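Some notes for your read-through of this model follow.

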Amino acid sequence: MIPFAPPLLAALRSARMIAVLTGAGVSAESGVPTFRDAQTGLWARFDPRELATPEAFARNPKLVWDWYAERRAKVAAVKPNPAHYALAALETHAPQFLLATQNVDGLHQRAGSANVVELHGSITRVKCSREGSLVEHWNDAANDEPPRCPSCGAYLRPDVVWFNELLPHAAQTAADSAARRCDVLLVAGTSAEVYPAAALPEVALRRGACVVEVNPNETQLSADVAYALRGPAGVVLPALVAAAWP
Ligand code: BV8
């Protein structure tokens, strides 16, 4: 049984609005490698931050398409873990709630979370690289280039936000508003290094919200948060929700 500080449990129970920011660490226990885990196998020689860019796609569209196709297949084969389910349960206890995720795996929604904003899009969706319109089906047959948009012929691409691309306006606006209004912000499974997502805890801290970190490791936020809960999200989050709402 993890002993949580009574004021933390009281803050959660009395919160009008609870906001959550998640990163790759929340999906780690589902078997989805985090960005800082070394890329495995074929991708070992690539840096994700090199591949997740418009420049990489322009330079080698097929390589980038294949990297996402492999990750899409991996994500389809995994399941939400107790951390995802705990956040879905947390949502039912909070009068107002928003979950902003940096993850592109769709696991929060599969675990039942309803009020989710995908700050960096979703690998589960594919769009036209020119028009931006989503495409449901495509022909993967070509082996030297990505599939092409059925309506305009441009390459298809994953519906994710690459480095140096703007975040979806609605998602960023909703997340910014939640950081400004929440009583408690839970920051789980993120190294808090990628902006503008990493600015959300900074906004909450500046206005005196209760910021709680869930991470087995130290991050650049750890010194400033009210509670740094050291442990895996799949263990800490279920225990925290059960302790706050027994
Ligand atoms: C933009 C989708 C503006 C794609 C991703 C210099 C300084 C500051 C900022 C910048 C800078 N230079 C450039 C920038 C901007 C840049 C940025 O922030 N760069 C960083 C690297 C410095 N940001 C951008 O480019 C953003 N756009 O700024 O546009 C603009 C302005 C004008 C005109 C045009 C544009 C876009 C950023 C989005 C990039 N896309 N993903 C894809 O997935 O392929 S980012 C991707 O990496 C993830 O989405 C995520 O955000 C990030 C990885 O971070 P984490 O999720 O935190 O994962 P990480 O592996 O780092 O950490 C895992 C954590 O989990 C660890 O702490 C670990 O301890 C913990 N953990 C492990 N196991 C567990 C656990 N925790 C709990 N339980 C466990 N079991």
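1. Helix 10 has the length it should. At 1.5 Å a residue, its 12 residues (233–244) should span 16 Å, and the end C-alpha atoms are 16 Å apart, which agrees. The expected span is 1.5 Å times one less than the number of residues. Helices (H or I, at least four residues) and strands (E, at least two) are DSSP runs, numbered from the N terminus.

2. Keep the basis in mind: this is a predicted model, where local features need pLDDT of at least 70, side-chain atom pairs count only at pLDDT 80 or more, and totals for chains, interfaces and linings use all residues. Residues are numbered from 1 along each chain as its sequence is written, and side-chain values use heavy atoms, with hydrogens and water left out.

3. Nine of the 12 residues of helix 10 are buried, so the rest of the structure largely encloses it. Buried means under 20% relative accessible area (1.4 Å probe, protein chains only). Among the nine are Val 236, Leu 237, Leu 240 and Val 241. Their cover includes helix 1 (6–14), helix 6 (82–93) and strand 8 (210–214).

4. Six strands form an open sheet, ordered 3-2-1-7-8-9, with parallel pairing. Pairing takes at least two DSSP bridges between two strands. Strand 3 (116–118) and strand 9 are the edges, each with a single partner strand, so one side of each lacks a neighbour in the sheet.

5. Strands 8 and 9 run parallel, joined by three bridges. Glu 213 sits opposite Ala 228 in strand 9.

Definitions and conventions: Buried < 20%, exposed > 50% of the residue type's maximum accessible area, 1.4 Å probe, protein only. Contact = heavy atoms within 4.5 Å.
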